[in-house]
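Biologist: I'm new to this one. Can you put it up and walk me through it?

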Amino acid sequence: MRSFAVVVLSLGGLLPSTVQSPVPVANEPRHHMKFENEYVRVFDVVVPPGDATLFHVHSIDYAFVSIGDATLKAEVMGSQPGDLIVKNGEARFTKGPITHRVTNVATAPFRNITIEILKSPGPVGFSTPDKSPGHSIVLENDRVRIERLILEPGQSTKTHTHNLSALSVFLTTSKVRIESPGAKPETIEYTPGDFRWRAAPVTHSIKNIGSTRFEAVGIDWK
């Protein structure tokens, strides 16, 4: 039988007790699995103000992308809680296994897209890097490369090739046109927290055809 945390009310807010057996991340009630294939598993995580996740186990490496700013208390099992402040669109990578929980001490919901790195399909073909002004690499290690792309209305990337499969997380309400050689242009509208898996190789350009900023974080599988 699964054990649940006992939540204690105090003048400082909601303080979850430590009397709770860890659960697999897939069984944690605030983690909602939205997509899975042999390479990735994606959770949409929402923690209301004053609420906390259960202690849960990430058995493998994962990344998360914050949808909105957040002020949290993060607690690795067996350690003292610490402050965790993340900004909208911030991406972080964590090695598994890890058992932890987070408490939302802010007045707004905490939402993130959590991405488990199951295995890599490996590179395919050759890359031509995206050298658009709004493109940047924010993190790179032996498992992933995390990139950010920002396009103001009317801006576009150059045509470029991805030889690594990736998951893109979209941060803004936006409308883009994607053009690939030999294919019909594709128009897509995104809202914050939408995501899309891309199997390599892909050659394309992206143009922001909407009236608002397009911003996305891409996690490339190495």
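Biologist: Let's start with a side chain. Is Tyr-190 buried or exposed, and at what relative accessibility?

Modeller: First, a caution: this is a predicted model. Tyr-190 has 6% relative accessibility, so it counts as buried, the cut-off being under 20%.

Biologist: Which ring does Tyr-190 pair with?

Modeller: Phe-214. The ring centres of Tyr-190 and Phe-214 are 6.3 Å apart.

Biologist: Is that pair stacked, tilted or edge-to-face, and why?

Modeller: Tilted, because the planes stand at 40°, and that falls between the 30 and 60 degree cut-offs.

Biologist: And Phe-214, buried or exposed?

Modeller: Phe-214 is buried, at 3% relative accessibility.

Biologist: Which parts of the chain does the pair tie together?

Modeller: Tyr-190 sits in strand S18, residues 186-190. Phe-214 belongs to strand S21, residues 214-221. The pair therefore links parts that are 24 residues apart in sequence.

Biologist: How many aromatic pairs does the structure hold?

Modeller: Six. Ring pairs also link Tyr-39, Trp-197 and Trp-221 into a cluster.

Biologist: Which strands does S5 pair with?

Modeller: S4 is one of them, with residues 31-36. S4 and S5 run antiparallel, with five bridges between them. Strand S12, residues 110-117, is another partner. S12 and S5 share eight bridges, also in the antiparallel sense.

Biologist: What joins S4 to S5?

Modeller: A hairpin, through three residues.

Biologist: Give me some landmarks. What stands opposite His-32?

Modeller: Asp-44, in S5. On the S12 side, Val-45 has Asn-112 as its bridge partner.

Biologist: Where do side chains point along a strand?

Modeller: In a regular strand they alternate between the two faces of the sheet.

Biologist: Now the open sheet. What is the strand order?

Modeller: S3-S6-S11-S8-S9. Those five strands show mixed pairing.

Biologist: Which strands stand at the edges?

Modeller: S3, residues 23-24, and S9, residues 82-86. Each has a single partner strand, so one side of each is left without a neighbour in the sheet.

Biologist: How do S3 and S6 run, parallel or antiparallel?

Modeller: Parallel, joined by two bridges. S6 spans residues 56-58.

Biologist: What is the bridge partner of Val-23 in S6?

Modeller: His-56.

Conventions. Residues are numbered from 1 along each chain as its sequence is written. This is a predicted model: local features need pLDDT of at least 70, side-chain atom pairs count only at pLDDT 80 or more; totals for chains, interfaces and linings use all residues. Side-chain values use heavy atoms; hydrogens and water are left out. Two strands pair if DSSP finds at least two bridges between them. Helices (H or I, at least four residues) and strands (E, at least two) are DSSP runs, numbered from the N terminus. Rings of Phe, Tyr and Trp (its six-membered ring) pair if their centres lie within 6.5 Å; planes under 30 degrees apart count as stacked, over 60 as edge-to-face and the rest as tilted. Buried means under 20% relative accessible area, exposed over 50%, partly exposed in between (1.4 Å probe, protein chains only).
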